[in-house]
Amino acid sequence: MEFKSFTAGKDDSSRRLDKILRILLPSAPLSEIYSITRKGLVKVNEKKAKAELKILEGDKIQIAAFLVEKYGQAAGEKFSEKSEKSEKQNTENTARGKGLQVIEDKSKKEVQKSWDKDNSIKASFPFKILFKNQHILILEKPYGITVHGKNDSMDIQVKKYYSSLKENTSLSFKPGPLHRLDERTSGLIAFSWSLEGAVWFSENIKNHSIKKEYLAIVEGKVEKKESWKDYISKNDDKDNKGFYTVKASSLKSSENEKLSLTDISPLKYFKYKNRDLSLVSFNIHTGRTHQIRSTSALHGFPLFGDSIYGALPLNKENTGRQELFLHAWRLTFPENPLSLPESIVCPLPENFKIFLKKCNCEISDLGL
């Protein structure tokens, strides 16, 4: 019987065999996964294996070829499946993914063709890469793009990009967004690029060791730095676009309300059609949904154009069709094992800068 062979990467270690098989054979029912392991149609390192076996890096998972053809067409493209007849090539691919030297009998023309293909994949990726290593990918999120949920979301595009790169040898790991940004927020968004990176980043977001700073335009004149301690709860009603909003209050009145800590600092003051506006920075010490939008409105400085939270509506024709000006500007990291820099900054997008210039708000002295 012919088998197709897959080699486990670092991020597959300690995952159960059945979990990996569900990814390699995406259309197979769960009952079929357990059935084929019992029948010996799946082997690990040449031996029959139980579904609950913990896989280690370098393990060779062999699946009956007819099962891959029946249930794993998508996996066939993603994981470079190889038959046992081409075991040598499988070994070479694994070594290449781990950065080992591989001696190949290829002409210069074939090598150039391979490089051209890799460069083409990277060139077609639609988002600007601000930082990337083996653990974390940090991108510039444009205004009006969703992070996840839609067919054209960043999450889907990142997964396609990850799958297309030869450097990624994991059978089961998939990258994903590590924090939230609303559709109408631009700026820094981080994705996991390894299991180690996902675990470290998530833990440090949760304990607030990773600092997040935003730039925004708010209504009113912010004259001094302020620190806000508020409480946020979810409203039961959706807004006019079908999304849930939140309620912020200065006093806690129920167990459903979660603590929100926010610092606001004024950067520039200017006017737009006789309306007072301020360019400010927000440092958020908690990561509540709509934290900036709800608490700034509570304290009398709603985001410019954020009519859902009490601001005056604006004419999008005069603002580059932008409804909000909220930008995730800087991420600051503690000392870490992932080789992340001390901080990463995402420059203001063009529409943001154009609007400030239109209002005669000079920002060159701010280094933005």
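Predicted model: local features only at pLDDT ≥ 70, side-chain atom pairs only at ≥ 80, totals over all residues.
Residues are numbered from 1 along each chain as its sequence is written. Local features need pLDDT of at least 70 and side-chain atom pairs count only at pLDDT 80 or more, while totals for chains, interfaces and linings use all residues; side-chain values use heavy atoms, without hydrogens and water.

A nonpolar core is a set of buried Ala, Val, Leu, Ile, Met, Phe, Trp, Tyr and Cys residues joined through side-chain atoms within 4.5 Å. Buried means under 20% relative accessible area, with a 1.4 Å probe and protein chains only.

| Core | Residues | Members include |
|---|---|---|
| Largest | 30 residues | Leu-139, Phe-191, Tyr-214, Phe-282, Leu-303 |
| Second, separate | 23 residues | Ala-8, Leu-41, Ile-61, Leu-171 |

The members named for the largest core are those with the most contacts inside it. Helix H7 (154-164) supplies four residues, the largest share of this core. Helices (H or I, at least four residues) and strands (E, at least two) are DSSP runs, numbered from the N terminus.

Contact means heavy atoms within 4.5 Å. Beyond its neighbours within four places in sequence, Phe-191 is in contact with residues including Leu-139, Val-147 and Met-154. With the same exclusion, Ser-153 touches Thr-146, Val-147 and His-148. Ser-153 sits in the loop between strand S7 (136-141) and H7, and counts as buried because its relative accessibility is 1%.

The lining of the largest cavity includes Tyr-214, Trp-329 and Arg-330. A cavity is a set of points on a 1 Å grid over the protein atoms alone where a 1.4 Å probe fits but cannot get out, and lining residues have an atom within 4 Å of a point. S14 gives four residues, the most, to this lining.

Technical notes
Buried < 20%, exposed > 50% of the residue type's maximum accessible area, 1.4 Å probe, protein only. 1 Å grid on protein atoms, 1.4 Å probe; cavity = no way out; pocket = protein on both sides within 12 Å on 5 of 7 lines; lining within 4 Å.
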